[in-house]
Amino acid sequence: MAMSLSWKIGAGVAGLVVAAVAWNGMSQYLAGRHADEVMHASALAAAEDAQRAKAAAAQHQAQLAADLEQQRQELSETHQQVDEQSRQYQADLAVRMEKQRQEALRVQATYRLDGNQRCDAGIVINHSGSSFSPVVGKTGQPITCKGDTAAEPLR
């Protein structure tokens, strides 16, 4: 049986339509697979990025904790140094104040009348045996007194 030309053209066109539909279906299938592969690759990359970010955050947190501990240790050491310096300063101050007190007592003792001196009419008098003489200061004037204390150093 011989086919007519219109059937041959119809069959050819139908073959072309079937081939175009098949090609389109295959293209869509391949495009879908490619999209799935891209999505899968993107998901893997996102998971890897998330894992790297998590590791970086953990490392950063560990570094911050280490820095904080170091700062705490340095602050503690500084506090101990300040405490020690304060104790040393207080000890040195106590020694200086005691020296000043001793010096003040020594100076004050130079104003006190001794056993051979007395205050008579506001003037320091030396009593040596049966003689009495006024004690004179640097200016040559008699040294004034009140009670058992002279107005200027006697020694």
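Q: Which residue in S3 does Ser128 stand opposite?

A: Ser128 stands opposite Ser131, a residue of S3. Please keep in mind that the model is predicted.

Q: How do strands S2 and S3 pair, and over how many bridges?

A: As a general idea, the strands of a sheet pair through backbone hydrogen bonds, in either a parallel or an antiparallel manner. In this case S2 and S3 (residues 131-134) are antiparallel partners over 4 bridges. Their hairpin has 2 residues between the strands, and Gly129 there takes a positive phi near 65°.

Q: In which sense do S1 and S2 pair?

A: Strand S1, which covers residues 117-120, pairs with strand S2, residues 123-128, in the antiparallel sense, with 4 bridges. The hairpin of S1 and S2 has 2 residues between the strands, and in it Ala121 adopts a positive phi near 60°.

Q: In what order do the strands form the sheet?

A: The sheet is open and antiparallel, built from 3 strands in the order S1-S2-S3. S1 and S3 each have a single partner strand and stand at the edges, so one side of each has no neighbour in the sheet. From one strand to the next, the twist averages 35°.

Q: Is Gln117 buried or exposed?

A: A relative accessible area under 20% counts as buried. Gln117 has a value of 14% and is therefore buried. This residue is found in strand S1.

Q: What does the side chain of Gln117 make a polar contact with?

A: Its partner is the side chain of Asn126, at 3.4 Å. Gln117 also stands opposite Asn126 of S2. When residues up to four places away in sequence are not counted, Gln117 touches Arg112, Val124, Ile125, Asn126, Val135 and Leu154.

Q: Which residues make up the largest nonpolar core?

A: The largest nonpolar core has 7 residues in all: Leu113, Val124, Val135, Ile143, Cys145, Ala150 and Leu154. Val124, Val135 and Leu154 are also among the residues that Gln117 touches.

Q: Which residues is Cys145 in contact with, leaving aside its neighbours within four places in sequence?

A: Cys145 is in contact with Cys119, Asp120, Gly122, Ile123, Val124, Ala150 and Ala151.

Technical notes. Residues are numbered from 1 along each chain as its sequence is written. This is a predicted model: local features need pLDDT of at least 70, side-chain atom pairs count only at pLDDT 80 or more; totals for chains, interfaces and linings use all residues. Side-chain values use heavy atoms; hydrogens and water are left out. Two strands pair if DSSP finds at least two bridges between them. A nonpolar core is a set of buried Ala, Val, Leu, Ile, Met, Phe, Trp, Tyr and Cys residues joined through side-chain atoms within 4.5 Å. Buried means under 20% relative accessible area, exposed over 50%, partly exposed in between (1.4 Å probe, protein chains only). Contact means heavy atoms within 4.5 Å. A polar contact is a pair of N or O atoms within 3.5 Å; within protein, one must be able to donate a hydrogen and the other to accept it, and residues adjacent in sequence count only if both atoms are side-chain atoms. Axes are lines fitted to C-alpha atoms, for helices over the stretch in contact, and angles run from 0 to 180 degrees between N-to-C directions.
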